Amino acid sequence: MTTLSALNDGPVGEPAASTVLGAIGRTTDATRRSDYDGDGKADIVAYQPSGTWEILESHSGFTTSRTIAWGTSSDVPVPGDYDGDGKTDLGLFNPATGQWHILLSSTSYATSLAFTLGTATDVPVPGDYDGDGQTDLAFYRPSTGQWQILTSSSGYTTTQIGVLGTSGDRPVPGDYDGDGKTDLAVFNPATAQWRILFSSTGATTTKTWGVNGDIPVAGDYDGDGTMDLAVYRPSTGSWDFLYSKANFTSSASVQWGIGTDVPVVGDYDGDGKADLGLFTSSGWKILLSGSGYATSLSLRWGSTSDSPLPIHP
């Protein structure tokens, strides 16, 4: 396996100041899961199987970094802003025990919380389901389509139950109706069918977007504060968007990537729109929305055994 540059080597292809936009976008689920320095932009983050978080911070133009040891090889990373301070906390879910462990940024990563929610077959899907600006604990159970949410607004003492999905679906939660709350949503890779349960109305909508084999990469690509349907097609390196602002009727496509790349969506330039991020065998490659997808960044960070964050369910 090819190894990327050592983690302490820092970035290559350092962006010029003019390529990084200063506007800070609306706080969304994606921002809460990827902004460790609190500047409103996604950071470059790699999680090592040994339980080490390597964070390359956007506030310095991706020139400063931090390393935090938190986790074991059996944990699944579930980052989010669980304490509501505007910075991403380190979160872990242990499938064997159903335990969640959260290391809080508000205490400079010195204090942790522990909860039990879920089983080994459940998929963790943290998000802001109650709209209070903090990440809630949640899981999706593929066998039954059940969602169980432990809400931050109740001090993580009250759970909510929802049902959406069938065997074979992948959870793709996000704020698709723009009400500030995470909606339940699933994507079926075989049929490319999306089903979304809107928190604002309780209504369910169904859309077909993509083809068999596509990877769902939902995000706010048009900057309207609402999630768009999107897929990444490894066979062609194509990103295809179905925009929410036109009631999911207007679409676009961008070519960026090859079959071996891993898509990692985030607002890396802080313009309020999702950028096209890829974790590749030679590093991170990001196509910036602020330039109309005309300017890219190349950053060497991590090794091929790492998991790039945030991970799509």
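Figure 1. L197 stands opposite T204 in strand 15. Strand 14 (residues 193–197) and strand 15 (residues 204–208) pair in the antiparallel sense over five bridges; strands are DSSP runs of E of at least two residues, numbered from the N terminus, and two strands pair if DSSP finds at least two bridges between them. This hairpin has six residues between the strands, and G202 has a positive phi near 80 degrees. A192 lies in the loop between strand 13 (184–188) and strand 14. Its phi is near 60 degrees, a positive value in a residue other than glycine. A192 is buried, at a relative accessible area of 0%; buried means under 20% relative accessible area, exposed over 50%, and partly exposed in between (1.4 Å probe, protein chains only).

The model is predicted, with local features needing pLDDT of at least 70 and side-chain atom pairs counting only at pLDDT 80 or more, while totals for chains, interfaces and linings use all residues. Residues are numbered from 1 along each chain as its sequence is written, and side-chain values use heavy atoms, with hydrogens and water left out.

**Figure 2. Strand 5 and its two partners shown here, strand 4 and strand 6.** Five of the five residues of strand 5 (residues 90–94) are buried, so this strand is largely enclosed by the rest of the structure. L90, L92 and N94 point one way, G91 and F93 the other way. In a regular strand the side chains alternate between the two faces of the sheet. Strand 4 (residues 76–77) runs antiparallel to strand 5 and is joined to it by two bridges, with L92 as the bridge partner of P77. Five bridges join strand 5 to strand 6 (residues 99–103), again antiparallel, and N94 stands opposite Q99. Four residues separate the strands in the hairpin of strand 5 and strand 6, where G98 takes a positive phi near 75 degrees.

Figure 3. Six bridges pair strand 18 (residues 238–243) with strand 19 in the antiparallel sense. Within this pair, Y243 stands opposite S250 in strand 19. Y243 also belongs to a cluster linked by ring pairs, together with Y221, F241 and Y293. K245 lies over the face of Y243, at 5.9 Å from the ring centre; a charge sits over a ring if NZ of Lys or CZ of Arg is within 6 Å of the ring centre and within 35 degrees of the ring normal. The loop between strand 19 (250–255) and strand 20 (262–263) holds G259, which is partly exposed at a relative accessible area of 45%.

**Figure 4. Two aromatic pairs.** A search of the whole structure finds 10 aromatic pairs. The rings of Y47 and W53 have centres 5.2 Å apart and planes at 70 degrees, so the pair is edge-to-face. Rings of Phe, Tyr and Trp (its six-membered ring) pair if their centres lie within 6.5 Å, with planes under 30 degrees apart counted as stacked, over 60 as edge-to-face and the rest as tilted. Y47 is buried at 3% relative accessibility, and W53 is buried at 0%. In the pair of Y140 and W147, the ring centres are 5.2 Å apart and the planes stand at 55 degrees, so this pair is tilted. Both Y140 and W147 are buried.

**Figure 5. T52 and its contacts.** T52 is in strand 2 (residues 52–57) and is buried, with a relative accessible area of 14%. Leaving out residues up to four places away in sequence, T52 touches A46, Y47, T67, I68 and A69; contact means heavy atoms within 4.5 Å.

**Figure 6. Lining of the second largest pocket.** Residues lining this pocket include Y129, I149, Q160, K181, D183, L197 and F198. Strand 11 (residues 159–163) gives the largest share of the lining, three residues. A pocket is an open set of points on a 1 Å grid over the protein atoms alone, where a 1.4 Å probe fits, with protein on both sides within 12 Å along at least five of seven lines; lining residues have an atom within 4 Å of a point.

**Figure 7. Two backbone details.** Y156 lies in the loop between strand 10 (146–150) and strand 11. Its phi is positive, about 60 degrees, although Y156 is not a glycine. The peptide bond from L309 to P310 is cis, with omega near 0 degrees. P310 is placed in the segment after strand 24 (307–309).
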